[in-house]
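Let me put the structure up and we can look at it together.

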Amino acid sequence: MRNKSLQILLIFLCVGLSSEGFAQEEVKQTTPEAEVFKSKQSVTIDGKTINLDALAGTLELKDENNKPIALFGFTAYFKENGGKDRPIVFAYNGGPGSSSYWLHMGIMGPKRIVVDDPNYNPGAPYALVNNEFSILDVADVVMMDPVGTGLSVPIGEAKGKDFWGVDQDIRSVSLFIMQFLKEYDRLNSPKYILGESYGTFRNAGVMKYLLGRGYALNGVIMVSAVFDLRTLFFLENEDISHIVYLPTMAATSWYHDQLADRGADLETFVEEVRDFTEEEYAPALFAGNTLAESERSAMANKLEAYTGISSEVWKRANLRLTADEYFQELLRETGETVGRLDSRYKGINIDPMAMDSFTDPQSDAISPAYTMGFLDYFHGDLGVSKDWNYSTSAYAKEGFNWDWSHQGGEAWGANAAISTIPDMRDALANDPNVKILIMNGYYDLATVFYGVEHSISRLDLPKSALDRIIMKYYEAGHMMYTHLPSAKQYREDLKSFIQDTLRK
């Protein structure tokens, strides 16, 4: 249901008599106006309480000709009397078509939702507690909701299609950042962008877009990253997805104790699987139907050793399992399926005979807690009017259909097979100071860590530029912050990254 204050153009009927005596109708229309709700919040980190000025609402976004095109939703947390020199982080989730409430209530805001990781959560009430893992002690934070999500809607002559696409999204997100910095007098603050999932794909484009307009970033944070969409889609006659997914499949099998020999620890095991993938598995796939039957059988046996899935299944699959097939196959005998976003999670397999999974246990396990907890906080603590409806995603919006074309990206025969690696390369080459932090979950089967490593290894840049890319790993999934030890490490890594970029 659309929000009352945003949903319809107001129509005023003015009736008068013309000289002929006929009634005339004059139709006027108004544009919804931006509105911001202010509140006082606080967070306690390392025993110190930080008082915050919180702003939640919308900013009127204008195009390059100062024409209003959207009300862009956000929630901002500024330290009281923090000053212009304080770092500012713009953060968003991905989708595309997801609002930012996952990051907001998981790790970035002053409060966090308590979930029973990695188990299913019961119904309400849900606990909202102080977020000791936030980085609000070192930086201000702006949570952004791209158009179609949160409170963000097109206005004026703009339509959803003007925002729903790779390049359209990069443009509108960048315009918001530039206009927000001006509106709140933060143009000279140290600047960071933080994206999760598709938000990292967006980040690569935004960092180039901003730099091209004189907005140099101090740092870019990529959470559960993907830059080359070929790595995700298991395209026909394309082996890249099968290659980059294998280490995460193996790590998942290691976690669920499906291996005859687990080795000493996860990190050592993953390194062994990396070597196997590069030196044996990838060449075997490259050989295609020229691979000898004896070699094929030997490879299937090794794949069984690293994944716990029988060699017969690997042979029937021609040594290639998709992610969906793996979700179903790993725990098929116990009637369970594993998570896509976080493969530590497992749930009921409603059709053990099926080859593809029907649901994602991690999403099922935490979504109600995050959704209800956030909305209660948004309209309660932050004081946002209940007349404003917050859209957790844009998927149900009329006409939502993502345009996957990307100017400057590289296409490989499928509309979605594009990359923003060229954008990242250009930004790193043109700004010798910007640094990138990439945060990877070992159990993330949505955007796999080896896919990120593959993309970064293809960056045609000198070592001095590549050294500005920092990789971190967590024993959790896509939203690694649901795992409290990883949330603690996440905070330490992000805090250190911000502080290091500020050192002259």
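Predicted model: local features only at pLDDT ≥ 70, side-chain atom pairs only at ≥ 80, totals over all residues.

How many of 30 Å³ or more turn up in a search of the whole structure? The search gives us four.

Let's take the largest cavity, with a volume of about 60 Å³. One part of its lining comes from A225, V226, F227, D228, T231 and L232, and the rest is T447, V448, G451, V452 and S455. If you sort that lining by class, you get six nonpolar residues, four polar and one charged.

On to the second largest cavity, at about 50 Å³. Around this one you'll find G97, P146, V147, T149, F163 and W164, along with D169, R202, A394 and W402.

Right, now the helices. Have a look at α5, residues 240-255, and α9, residues 323-330. Their axes come within 12 Å and cross at roughly 15 degrees. An angle under 35 degrees counts as roughly parallel, so that's what we call α5 and α9. As for handedness, α5 passes α9 in a right-handed crossing.

Which residues make the contact? From α5 it's Y245, M249, T252 and S253, and from α9 it's A323, Y326 and L330. By class, this contact of α5 with α9 has five nonpolar residues and two polar ones, with no charged residues.

That's my bit, happy to chat.

Technical notes:
Residues numbered from 1 in each chain as written. Heavy atoms only, no water. 1 Å grid on protein atoms, 1.4 Å probe; cavity = no way out; pocket = protein on both sides within 12 Å on 5 of 7 lines; lining within 4 Å. Points joined across faces, edges and corners; volume = space filled by probe spheres on them. Nonpolar A, V, L, I, M, F, W, Y, C, P; charged D, E, K, R; others polar. Axes fitted to C-alpha atoms, helices over the stretch in contact; angles between N-to-C directions. Helix = DSSP H or I, 4+ residues; strand = E, 2+ residues; numbered from the N terminus. Parallel < 35°, antiparallel > 145°, perpendicular 65-115°, else oblique. Left-handed = near helix turned anticlockwise from the far one by under 90°. Contact = heavy atoms within 4.5 Å.
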